[in-house]
Amino acid sequence: CPVKNHGSELRSNGDVDAAEKHFEWALAINPKCTVCLKDWAEVLLTKKKFVEADKHIRRVLHLLKERDLDALFMIGLLLLEQRKNDESIDAHKKSASLNAEDTELCYNLGIKLGAKGN
């Protein structure tokens with residue numbers, strides 16, 4: 001999608017403010033663009049705007065009926081950044097249940113569970 005690609009290009013070039021405005025504009029056109037929502041959330045995560053990023057990722061999960069691996073992984077990261085470790089682990093467990101072959105996810109989940117003593 002050219003609209004999404006331009007926002008991603010802005011973000012890759014380090015212009016996160018322009019990328020944020022671009023994704024806001026793109027979602028005004030198509031509020032159900034889950035790719036744009038996820039990319040905007042990544043920009044917000046970079047800017048440490050965790051509450052706003054969380055809102056966008058939860059919208060993705062709602063639109064895709066809790067079955068998007070990237071969104072589940074990202075919500076886990078957002079929760080971890082907000083020091084909500086148990087909720088973060090739950091999100092990563094859900095993601096792992098959808099794709100147990102994601103070795104990075106499983107490794108990170110193992111580290112988190114080990115740190116808790118599980």
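**Reading helix contacts**

Tutor: In H5, the residues Leu69, Leu72, Phe73, Ile75, Gly76, Leu77, Leu79 and Leu80 meet Asn85, Glu87, Ser88, Ala91, His92, Lys94, Ser95 and Leu98 of H6, where contact means heavy atoms within 4.5 Å. Helices (H or I, at least four residues) and strands (E, at least two) are DSSP runs, numbered from the N terminus. This is a predicted model, in which local features need pLDDT of at least 70 and side-chain atom pairs count only at pLDDT 80 or more, while totals for chains, interfaces and linings use all residues. Residues are numbered from 1 along each chain as its sequence is written, and side-chain values use heavy atoms, with hydrogens and water left out.

Student: Which classes of residue make up the contact of H5 with H6?

Tutor: Ala, Val, Leu, Ile, Met, Phe, Trp, Tyr, Cys and Pro count as nonpolar, Asp, Glu, Lys and Arg as charged, and the others, Gly among them, as polar. By these classes the contact of H5 with H6 holds 9 nonpolar, 5 polar and 2 charged residues.

Student: How do I read the directions of H5 and H6, parallel or antiparallel?

Tutor: Axes are lines fitted to C-alpha atoms, for helices over the stretch in contact, and angles run from 0 to 180 degrees between N-to-C directions. Angles under 35 degrees count as roughly parallel, over 145 as roughly antiparallel, 65 to 115 as roughly perpendicular and the rest as oblique. Here the axes of H5 and H6 cross at roughly 165 degrees and come within 8 Å, and H5 and H6 are therefore roughly antiparallel to each other. A crossing is left-handed if the near helix is turned anticlockwise from the far one by less than a right angle, and right-handed if clockwise; the crossing of H5 and H6 is left-handed.

Student: At what angle do H4 and H5 pack?

Tutor: H4 and H5 pack at about 155 degrees with their axes 10 Å apart, and they are therefore roughly antiparallel to each other. On the H4 side the residues are Phe50, Ala53, Asp54, Ile57, Arg58, Val60 and Leu61, and these meet Ala71, Leu72, Met74, Ile75, Leu78, Leu79 and Glu81 in H5. This contact of H4 with H5 divides into 11 nonpolar, no polar and 3 charged residues.

Student: And how do H3 and H5 lie, parallel or antiparallel?

Tutor: Helix H3 (residues 34-46) and helix H5 (residues 69-81) pack at about 20 degrees, with their axes 11 Å apart, and are therefore roughly parallel to each other. Lys38, Ala41, Glu42 and Leu45 of H3 make the contact with Asp70, Ala71, Met74, Leu78 and Glu81 of H5. An α-helix has 3.6 residues a turn, so residues three or four places apart point the same way.

Student: How many residues of H3 are buried?

Tutor: Buried means under 20% relative accessible area, exposed over 50%, and partly exposed in between (1.4 Å probe, protein chains only). In H3, 10 of the 13 residues are buried, so this helix is largely enclosed by the rest of the structure; among them are Trp40, Val43 and Leu44.

Student: What lies in contact with Glu20?

Tutor: Glu20, which is found in helix H2, counts as buried at 11% relative accessibility. Leaving aside its neighbours within four places in sequence, Glu20 is in contact with Trp40, Val43, Leu44, Lys47, Lys49 and Glu52.

Student: Is Ser95 buried or exposed?

Tutor: Ser95 lies in helix H6 (residues 85-98) and, at 2% relative accessibility, counts as buried. Beyond its neighbours within four places in sequence, Ser95 is in contact with Leu69, Leu72, Phe73 and Leu105.

Student: Where do I find Lys48 and Lys65?

Tutor: Lys48 lies in the loop between H3 and helix H4 (50-63), and Lys65 is found in the loop between H4 and H5. Phi of Lys48 is near 60 degrees, a positive value in a residue other than glycine, and phi of Lys65, also in a residue other than glycine, is positive and near 55 degrees. Lys48 counts as exposed at 59% relative accessibility, and Lys65 is exposed with a relative accessible area of 65%.
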